[in-house]
Amino acid sequence: MPFLKAGWTQEPEANKYLDPLFRNGCVRQWGLLQRPLISAGKHEPDVYTVKLFVAGKAACGKTSTVASLCGQNVSSTYVDTPCAAVSTTYWPAKLADTGKVVLFRLNIWDAGESACKRFGHLLEAATDEASVLLFVFSLADQSSLESLPDTLRKTVAEATDGNHRKAFVATNVDCSDPQVSSEDISQLSTTHSAPVFRIANTPSHQRPSREAWLQNFGSVLDGLCELAAEALFSAGDSEA
């Protein structure tokens, strides 16, 4: 049974919770102490802070995935993340059992592959208490899929929260000559009992508009928050 009401963010009621996430038609960029001010009723919605970690082969699209999920522009130039970076975005959801609207604060950690190899403590710190582990591969690079078993083994071994959830992200879904087949993706999902989200991460010098961001990534954020809710609530965590 799902913890969150599926498709709720596409309903008219959700707009009053989505509106504060935007400024001048684009997703707001949030500082460490900032949060949306939502006055949709007598009380502000409870906020659940969730840690996510993205893992995968170098140049598979980890940083671009984080940028896309946070409504930032995606660079066309590859630069290996030198250490670890944390980006934040918010997403509302309605609890399936009570109908209560809550807000998820998604703190997404991105650590460069070479940096994790160089600094032995980095992977441990990035995965510490992570609720969702996101494993990224590119449809344009078969080797990024083939490297996932080793990445999964190392990442899960370092994750201290045994109640975490796993998911996969397939990037470059718009590539003209994909090296990873639909059968490969289905097998990956079945083998690990985990969803596979597909995104394009199209390079752009401009941040996406509200309409484009919601259309391209709203369902992905819905799915990530459902996984986060599973990790939080199945562990008995009822505190915001």
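What volume does the largest pocket have? It comes to about 500 Å³. A pocket here is an open set of points on a 1 Å grid over the protein atoms alone, where a 1.4 Å probe fits, with protein on both sides within 12 Å along at least five of seven lines, and lining residues have an atom within 4 Å of a point. Grid points are joined across faces, edges and corners, and the volume is the space filled by probe spheres set on them. The model is a predicted one, in which local features need pLDDT of at least 70 and side-chain atom pairs count only at pLDDT 80 or more, while totals for chains, interfaces and linings use all residues. Residues are numbered from 1 along each chain as its sequence is written, and side-chain values use heavy atoms, with hydrogens and water left out.

The lining of the largest pocket runs to 27 residues, and Gly-61, Ser-64, Ser-75, Thr-77 and Tyr-78 sit nearest its centre. Helix 2 gives the most, with four residues. Sorted by class, the lining has nine nonpolar, 13 polar and five charged residues, where Ala, Val, Leu, Ile, Met, Phe, Trp, Tyr, Cys and Pro count as nonpolar, Asp, Glu, Lys and Arg as charged, and the others, Gly among them, as polar.

The second largest pocket holds about 370 Å³ of space. Of its 20 lining residues, Glu-113, Cys-116, Lys-117, Leu-123 and Lys-154 are closest to the centre. Strand 3 (47-55), helix 3 (113-118) and helix 6 (148-158) each give two or more residues to the lining, and helix 6 has the largest share, with five. This lining divides into seven nonpolar, six polar and seven charged residues.

Beyond its neighbours within four places in sequence, Leu-134 is in contact (heavy atoms within 4.5 Å) with Leu-52, Phe-53, Val-54, Ala-55, Ala-167, Val-169 and Leu-224.

The whole structure has nine salt bridges, each a side-chain nitrogen of Lys or Arg within 4 Å of a carboxyl oxygen of Asp or Glu. Asp-19 pairs with Arg-210, their closest N and O atoms 2.8 Å apart. This pair ties the loop between helix 1 and strand 1 (22-23) to helix 8, across 191 residues. Asp-19 is partly exposed at 40%, whereas Arg-210 is buried at 17%. Helix 8 also carries Glu-230, which is linked to Arg-165 in strand 7, 65 residues apart, by a salt bridge of 3.2 Å, N to O. Within helix 6, Lys-154 and Asp-150 lie four residues apart, about one turn of the helix, and form a salt bridge at 3.2 Å. Both are partly exposed, Lys-154 at 40% and Asp-150 at 35%. Arg-153 joins these two in a network of salt bridges.

Conventions
Buried means under 20% relative accessible area, exposed over 50%, partly exposed in between (1.4 Å probe, protein chains only).
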